[in-house]
Amino acid sequence: MGGGGELFQRTPRSVRLNDAGRVFLQDVQAILAATDDAVVRVRHAARGEAGRLVVGYTSSAALHPLVPQVLRAFRKSHPQVALDVRENATDGLFRAVKAEEVDAAFVRAPAERFAPLHAVTLGEEAVVVALPRGHRLGRATGALALEALAAEDFVLYRSPDGPGVLDVLSAACRRAGFAPRAVATVPRLLSAAAMVAAGQGIAIVPMALQSLHRENVVYRALDPASTFTIPLTLIWREAPSGSPLARFVASVKAG
């Protein structure tokens with residue numbers, strides 16, 4: 001063996017690996033195994049079955065049952081893809097996806113808000129009225145008419161850079177003949193529920209939030225003439241065909 005020691009122990013009747021030869025054999029076997037693994041990983045990556053995917057969500061979107069369901073299903077079907085999940089407000093997620101810092105995100109705003117990114121509405125969720133416990137309307141039985149809230153103080157959510165949940169709520173209130181009077185504005189729907197629990201005012205939130213603060217908040221449905229929905233939307237950046245992102249988007253659309 002050029003430049004090294006002998007690998008074999010030779011006798012008149014046999015040739016065997018010596019200690020150095022056995023170490024060399026183990027190293028060669030490890031290199032070959034690593035090469036095989038690398039080939040497999042490259043093939044998985046080429047088919048979009050391996051790699052890294054960064055998925056964002058708003059705190060209220062995470063409460064929708066579809067979001068944990070599709071994330072769990074994708075982890076199971078694509079175990080070679082490292083799935084990194086991050087929470088942020090809608091505006092932060094929009095900027096992060098646009099900057100390609102996040103691949104896709106679940107948000108609570110209409111799809112048309114997010115041009116030029118790709119977006120699809122995954123579902124529409126009915127809303128409920130969140131009232132501080134002890135509020136006179138909380139003691140009422142049955143669904144509430146939206147016009148019954150005209151004199152109430154609302155905890156509203158900000159919509160700084162385009163159509164969002166606030167626009168959907170404001171349009172519904174206009175149809176009921178009033179504009180909601182804001183006693184406070186918050187950046188997240190979960191914050192609105194917390195403000196209601198503190199007795200700051202009332203809020204209209206997606207049904208998925210009605211599990212929050214039950215000791216201090218009463219939730220009431222709106223009547224059929226008043227009710228409206230809030231969307232759950234997936235936004236994503238350009239997804240090369242066959243990439244982990246393309247596979248994720250297809251998986252989410254399939255439900």
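Threonine 233 is located in strand β11, which spans residues 229-236. Helices (H or I, at least four residues) and strands (E, at least two) are DSSP runs, numbered from the N terminus. The model is a predicted one, in which local features need pLDDT of at least 70 and side-chain atom pairs count only at pLDDT 80 or more, while totals for chains, interfaces and linings use all residues. Residues are numbered from 1 along each chain as its sequence is written, and side-chain values use heavy atoms, with hydrogens and water left out.

Leaving aside residues up to four places away in sequence, its contacts (heavy atoms within 4.5 Å) include Ala105, Phe106, Val107, Ala109 and Phe114. From threonine 233 to alanine 105 the C-alpha distance is 8.1 Å, although 128 residues separate them in sequence. A polar atom of the threonine 233 side chain lies 2.5 Å from the backbone oxygen of alanine 109.

**The chain as a whole**

The protein chain contains 7 helices and 11 strands. Of its 255 residues, 42% are buried. Among contacts between residues at least 6 apart in sequence, 74% join residues at least 24 apart. The chain exposes about 13,300 Å², of which carbon and sulfur atoms supply 53%; accessible areas come from the Shrake-Rupley method with a 1.4 Å probe, and for residues only the protein chains shown count as cover.

Strand β3 (residues 51-57) is mostly covered, with 5 of its 7 residues buried. The table lists the pairings of β3.

**Aromatic pairs**

Rings of Phe, Tyr and Trp (its six-membered ring) pair if their centres lie within 6.5 Å; planes under 30 degrees apart count as stacked, over 60 as edge-to-face and the rest as tilted. By this rule there are 4 aromatic pairs. One of them, phenylalanine 74 with phenylalanine 248, is edge-to-face, at 5.2 Å centre to centre and 90 degrees between the planes. Because phenylalanine 74 lies in helix α3 (residues 66-77) and phenylalanine 248 in helix α7 (residues 244-254), this pair ties together parts that are 174 residues apart in sequence. Phenylalanine 74 is buried at 1% relative accessible area, and phenylalanine 248 is buried at 0%. Phenylalanine 154 and phenylalanine 178 form a tilted pair, 6.3 Å centre to centre with 35 degrees between the planes. Phe74, Phe106 and Phe248 form one aromatic cluster.

**Nonpolar cores**

A nonpolar core is a set of buried Ala, Val, Leu, Ile, Met, Phe, Trp, Tyr and Cys residues joined through side-chain atoms within 4.5 Å. The largest has 34 residues, and Val129, Leu146, Leu149, Ile204 and Phe228 touch the most other members. Elements that each supply at least two residues of this core include β6 (118-132), β7 and α5. Beyond residues up to four places away in sequence, isoleucine 204 touches Val127, Leu146, Phe154 and Phe228, among others. A second, separate core of 20 residues includes Leu53, Val55, Leu232 and Val252.

Notes: A polar contact is a pair of N or O atoms within 3.5 Å; within protein, one must be able to donate a hydrogen and the other to accept it, and residues adjacent in sequence count only if both atoms are side-chain atoms. Buried means under 20% relative accessible area, exposed over 50%, partly exposed in between (1.4 Å probe, protein chains only).
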